[in-house]
Amino acid sequence: MFCALLGSLATRISARTSALRPALLLAQPARELTTRKETILRMAKGYRGRSKNCWRLARQRVEKALQYSYISRRLKKRDARKGWIMQLNAGAREYNMRYSQLINGLTLARIGLNRKVLSQLAIQEPYSFRAVITEARGALERKAASLGTRARAADGAIPQ
Amino acid sequence: MLRGRLAGLGCAWRAGMVLGRRALFSPLGPSPAWARTALTHAPVLPPPADHFAIVELSGRQYKVTPDCVLCTQSLNAPVGSTLTLDRVLLAGSSRRTVIGSPLIAGASVVVRVEEHNQLDKVVVFKKKRRKGYRRWRGHRQKVTIVRVVNIDAAQLNG
C-alpha cells in the first residue's frame with residue numbers, strides 16, 4: 001500500500017517535472033560561471049597590499065605563487081626524505097650506530113624497509129626499531145667476520 | 001561518500017595517508033581525549049590495535065593496523081572487493097617483531113576497497129619568462145581508500 005502510494009507519487013512528480021521543464025529551467029539560478037579573472041582574484045585573497053585587489057598585480061603574484069608551488073611540490077619530497085634520514089640518524093645513534101652503518105647493515109640483511117617507515121618505527125615502535133637495529137648490526141658483524149676484519153670491529157668500526 | 005574530505009574530521013585526504021591508532025607502548029594508555037574522539041569518530045578511527053604490519057602496495061610502504069583506513073594510489077578493483085597483499089616487510093605485536101628478509105613468507109594483509117575518489121585539485125602552472133610559454137593544467141590525483149580487514153602473520157603467534 002505504502003509502496004504503491006510512493007510509486008504513484010513518483011510518477012506524478014516526474015510527469016509534473018517533464019511538463020514544467022522549461023519553466024523549471026528558467027526558474028533555476030544560472031550555473032555559476034567563474035571567469036579566469038575571478039579564479040585568479042580568488043586565489044589572491046589574503047595577499048598583502050594591492051596584490052589582493054588589483055588585477056594586474058594579483059595576476060603577477062598568483063602566477064609566481066603557482067610557479068613556486070610547482071617547485072615546492074618537488075622540494076617537499078626531498079625535504080621529507082631529509083627529515084626521515086635525520087630521524088633515523090638520531091634513532092641509530094641511540095644504539096651507538098651511525099645512519100650510514102644502519103643503512104649498510106639493512107642492505108646486507110636484505111631488509112627492504114624504506115626510510116619513511118623506519119623513521120615511523122623509530123618514533124612509534126621503539127621495540128620493533130631496536131629489533132631492526134639488532135638485525136642490521138648482526139649483518140654488519142657477519143660481513144666483518146667473513147672478511148676477517150675482527151680487528152677493525154674491535155677498533156670501533158663496527159659498533160657494539 | 002567522503003568526496004575528498006574525511007567525514008567527521010574536517011581534514012582532507014592526502015596521498016599515502018593512513019588513519020589508524022596504535023597505543024601499545026604508551027605508558028599512560030589511551031588518553032581521555034582519544035577516548036572522547038573514539039565515541040564520535042568510531043567509524044573512521046579504529047580503537048588502538050595490538051599489532052601492526054608494514055606492507056608494500058604499489059611501490060609504497062604503509063604501516064597498518066587492523067581496521068585502519070588508508071589512502072592509496074588508484075587500484076583496479078571494484079568497491080567492496082578484498083585484496084590480499086602478500087608483500088609484508090615487517091609485523092609486530094606487543095610480544096614480538098617479525099622482520100622479513102625482505103618479505104615475511106606466508107604473511108599477508110587483507111584489505112577491503114572502500115572507495116575510489118580523487119584528491120583536491122592541484123593547479124600545475126608552468127611559465128617561462130619572455131618566451132611566451134605558459135601551461136595551466138588542473139590535476140586531480142586518483143586515489144583508492146581501503147580498510148585493513150586482517151593482518152595475517154603466523155610468525156607473530158608462534
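In this predicted model, Leu57(B) has Arg60(B) as its bridge partner in strand β3(B). That pair belongs to an antiparallel arrangement in which β2(B) and β3(B) are joined over five bridges, and the two strands form a hairpin with two residues between them.

**The β2–β3 hairpin of chain B**

- Strand β2(B) covers residues 51-57 and β3(B) covers residues 60-64, with Ser58(B) placed in the loop between them.
- Ser58(B), in the turn of the hairpin, has a positive phi of about 45°, although Ser58(B) is not a glycine.

**Other backbone features of chain B**

- Most residues other than glycine have a negative phi, and most peptide bonds are trans.
- Against that background, Arg130(B) is a residue other than glycine with a positive phi, near 60°, and its place is in the loop between β9 (122-128) and β10 (133-139) of chain B.
- Is Arg130(B) buried or exposed? Its relative accessible area is 72%, and Arg130(B) is therefore exposed, since the limit for that class is over 50%.
- The peptide bond that joins Ser101(B) and Pro102(B) is cis, with omega at about -5°, and Pro102(B) is located in the loop between β7 (97-99) and β8 (108-118) of chain B.

**The five-stranded sheet of chain B**

- Five strands of chain B make up an open sheet with antiparallel pairing, in the order β1-β4-β11-β8-β5.
- The edge strands of this sheet are β1 (18-19) and β5 (82-85) of chain B, each of which pairs on one side only.
- Strand β1(B) is joined by two bridges to β4 (residues 69-73) of chain B, and these two strands run antiparallel.
- Within β4(B), the residue that stands opposite Leu19(B) is Val69(B).
- In general terms, strands of a sheet pair through backbone hydrogen bonds, either parallel or antiparallel.

**Helices and surface of chain A**

- Helix α5 of chain A spans residues 99-108, and its buried residues are Tyr99(A), Gln101(A), Leu102(A), Ile103(A), Gly105(A) and Leu106(A).
- Just after α5(A), Arg110(A) adopts a positive phi of about 55°.
- Tyr68(A), Ile71(A) and Leu75(A) together make a nonpolar surface patch of about 280 Å².
- Ile71(A), one of the residues of that patch, is placed in helix α4 of chain A, and its relative accessibility of 45% means that Ile71(A) counts as partly exposed.

**Domains of chain A**

- The domain assignment divides out domain 1 (36-73) and domain 2 (79-155) in chain A.
- The C-alpha centres of domain 1 of chain A and domain 2 of chain A are 46 Å apart.

Key: Residues are numbered from 1 along each chain as its sequence is written. Chains are lettered from A and ligands numbered from 1 in the order in which they are written. This is a predicted model: local features need pLDDT of at least 70, side-chain atom pairs count only at pLDDT 80 or more; totals for chains, interfaces and linings use all residues. Side-chain values use heavy atoms; hydrogens and water are left out. Domain bounds come from an automatic or database domain assignment. Two strands pair if DSSP finds at least two bridges between them. Helices (H or I, at least four residues) and strands (E, at least two) are DSSP runs, numbered from the N terminus. Buried means under 20% relative accessible area, exposed over 50%, partly exposed in between (1.4 Å probe, protein chains only). Patches are made of residues with over 30% relative accessible area and no salt bridge: like charges are joined within 9 Å, nonpolar side chains (Val, Leu, Ile, Met, Phe, Trp, Tyr) within 5 Å. Accessible areas come from the Shrake-Rupley method with a 1.4 Å probe; for residues, only the protein chains shown count as cover. A salt bridge is a side-chain nitrogen of Lys or Arg within 4 Å of a carboxyl oxygen of Asp or Glu.
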